Amino acid sequence: MRISDFWRLMDDEFGTGYSRVLAKSLVLTRVGGRTAQEALAAGVDAKDVWLAVCDIQDVPEERRLGRDIKPRRSSES
């Protein structure tokens, strides 16, 4: 998972402002007792960080892959 995907999932689940608060303040045991920001900066895989956030915040399984995004239609002339 890319870090940009991590942030998209965080923003979709928690909102843009609160996702940043969680990322810098919530300590995640599953990634070595670090915050999400610290874990990402240390090179921990973004998917592992996301799943650690999901576990501690009780995000339901059905929302862990993110919301469905409808593909854009290409403009046809």
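What follows is a chat about the fold, helix packing and a few individual residues of a predicted model.

Me: Before I dig in, what kind of model is this, and which residues count for local features?

Reply: The model is predicted, so local features need pLDDT of at least 70 and side-chain atom pairs count only at pLDDT 80 or more, while totals for chains, interfaces and linings use all residues. Residues are numbered from 1 along each chain as its sequence is written, and side-chain values use heavy atoms, with hydrogens and water left out.

Me: OK. How many helices and strands does the protein chain have?

Reply: There are 4 helices and 2 strands in the protein chain. Helices (H or I, at least four residues) and strands (E, at least two) are DSSP runs, numbered from the N terminus. Along the sequence the pattern reads α-α-β-β-α-α.

Me: And what share of the residues is buried?

Reply: Of the 77 residues in the protein chain, 30% are buried. Buried means under 20% relative accessible area, exposed means over 50%, and partly exposed is in between, with a 1.4 Å probe and protein chains only.

Me: Let's talk core. Which residues have the most contacts inside the largest nonpolar core?

Reply: Those are Phe 6, Met 10, Phe 14, Leu 28, Ala 36, Val 49 and Trp 50, in a core of 20 residues. Helix H1 (3-14), helix H2 (16-25), helix H3 (36-41) and helix H4 (46-57) each supply at least two residues of this core, and H4 gives the largest share, 6 residues. A nonpolar core here is a set of buried Ala, Val, Leu, Ile, Met, Phe, Trp, Tyr and Cys residues joined through side-chain atoms within 4.5 Å.

Me: What does Phe 6 touch?

Reply: Leaving out residues up to four places away in sequence, Phe 6 touches Met 1, Ala 36, Leu 40, Ala 46, Val 49 and Trp 50. Contact means heavy atoms within 4.5 Å.

Me: How do H1 and H4 sit, at what angle do they cross?

Reply: Their axes cross at roughly 20 degrees and come within 9 Å. Axes are lines fitted to C-alpha atoms, for helices over the stretch in contact, and angles run from 0 to 180 degrees between N-to-C directions. H1 and H4 are therefore roughly parallel to each other; angles under 35 degrees count as roughly parallel, over 145 as roughly antiparallel, 65 to 115 as roughly perpendicular and the rest as oblique.

Me: Which residues meet there?

Reply: From H1, Ile 3, Phe 6, Leu 9, Met 10, Glu 13 and Phe 14 meet Ala 46, Val 49, Trp 50, Val 53 and Gln 57 in H4. By class, the contact of H1 with H4 has 9 nonpolar, 1 polar and 1 charged residues. Ala, Val, Leu, Ile, Met, Phe, Trp, Tyr, Cys and Pro count as nonpolar, Asp, Glu, Lys and Arg as charged, and the others, Gly among them, as polar.

Me: Now H1 and H2, what's the angle?

Reply: H1 and H2 pack at about 115 degrees, with axes 7 Å apart. On the H1 side are Trp 7, Met 10, Asp 11 and Phe 14, and on the H2 side Thr 16, Tyr 18, Ser 19, Arg 20, Leu 22 and Ala 23.

Me: Switching to the loop, where is Val 31?

Reply: Val 31 is in the loop between strand S1 (27-28) and strand S2 (34-35). Val 31 is buried, with a relative accessible area of 7%. Beyond four places in sequence, Val 31 touches Ala 39, Val 44, Asp 48, Val 49 and Ala 52.

Me: And Arg 30, what does that touch?

Reply: Arg 30 touches Leu 51, Ala 52 and Asp 55, not counting residues up to four places away in sequence. Arg 30 is also in the loop between S1 and S2, and is partly exposed, with a relative accessible area of 48%.

Me: Last one, where's Arg 64, and is it buried or exposed?

Reply: Arg 64 lies in the segment after H4 and counts as buried, at 14% relative accessibility. Setting aside neighbours within four places in sequence, Arg 64 is in contact with Leu 9, Trp 50, Leu 51, Cys 54, Asp 55 and Val 59.
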